[in-house]
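Here are some exercises to work through with the model open beside you. Try each task before you read its solution.

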Amino acid sequence: MTQEADAAEGEAQVVDDNPEQECLICLCEQKDTLIMPCGHFCVCEDCGKQLVTAKQTCPICRGNIASLIPIKKH
């Protein structure tokens, strides 16, 4: 299935712009939170919550943050 077909079915497309594991905000915690609706995977849960509380935008695209989705890797 293509990425376009996945997106068409309502599945979030994860855009991992930082292949390293650290959060783009604090640079010390592992990134583990997906920003919606843009789909950027670039922050840790604590920094993501701080962005929402402060009504900030996505650090990658500056788009509005509608929600955060925690992604736990096994």
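Two strands count as paired if DSSP finds at least two bridges between them, and helices (H or I, at least four residues) and strands (E, at least two) are DSSP runs numbered from the N terminus. The model is a predicted one, in which local features need pLDDT of at least 70 and side-chain atom pairs count only at pLDDT 80 or more, while totals for chains, interfaces and linings use all residues. Residues are numbered from 1 along each chain as its sequence is written, and side-chain values use heavy atoms, with hydrogens and water left out.

**Exercise 1. The sheet**

Step two: take β1 (residues 33-36), which runs antiparallel to β2 and is joined to β2 by three bridges. Within this pair, Ile35 stands opposite His40, and Leu34 faces Phe41.

Step three: turn to β3, which pairs with β1 over four bridges, again in the antiparallel sense. Here Met36 has Ser67 of β3 as its bridge partner.

**Exercise 2. The side chains of β1**

Find which way the side chains of β1 point, and decide whether they are buried or exposed.

Solution. Step one: in a regular strand the side chains alternate between the two faces of the sheet.

Step two: apply the cut-offs, where buried means under 20% relative accessible area, exposed over 50%, and partly exposed in between (1.4 Å probe, protein chains only). Thr33 and Ile35 point one way, Leu34 and Met36 the other, and all are buried.

Step three: look closely at Thr33, whose relative accessible area is 1%. Leaving aside residues up to four places away in sequence, Thr33 touches several residues, including Phe41, Val43, Leu68 and Ile69, with contact meaning heavy atoms within 4.5 Å. The side chain of Thr33 also reaches the backbone nitrogen of Glu45 at 3.2 Å.

**Exercise 3. The helix on the sheet**

Step two: list the buried residues of α2, which are Cys47, Gly48 and Leu51.

The face turned away from the buried side carries Asp46, Gln50 and Thr53, which are exposed.

**Exercise 4. Backbone exceptions**

Locate the cis peptide bond, and find residues other than glycine with a positive phi.

Solution. Step one: most residues other than glycine have a negative phi, and most peptide bonds are trans.

Step two: the cis bond joins Met36 and Pro37, with omega about 15 degrees. Pro37 sits in the loop between β1 and β2. In that hairpin, which has three residues between the strands, Gly39 has a positive phi near 85 degrees.

Step three: Leu27 has a phi near 60 degrees and lies in the loop between α1 (3-8) and β1. Arg62, with a phi of about 65 degrees, lies in the loop between α2 and β3. Leu27 is exposed at 56% relative accessibility, and Arg62 is exposed at 57%. Lys55, which follows α2, has a positive phi near 55 degrees.

**Exercise 5. The cysteines**

How many disulfides does a search of the whole structure find?

Step two: check the sulfurs. For Cys23 the closest cysteine sulfur is in Cys47, at 3.8 Å, too far for a bond. For Cys58 the closest is in Cys38, at 3.7 Å, again too far.

Step three: the search finds zero disulfides. Cys23 is buried at 0% relative accessibility, and Cys58 is buried at 0% as well.

Key. Disulfide = S-S within 2.5 Å. Polar contact = N/O pair within 3.5 Å; in protein donor to acceptor, adjacent residues only side chain to side chain.
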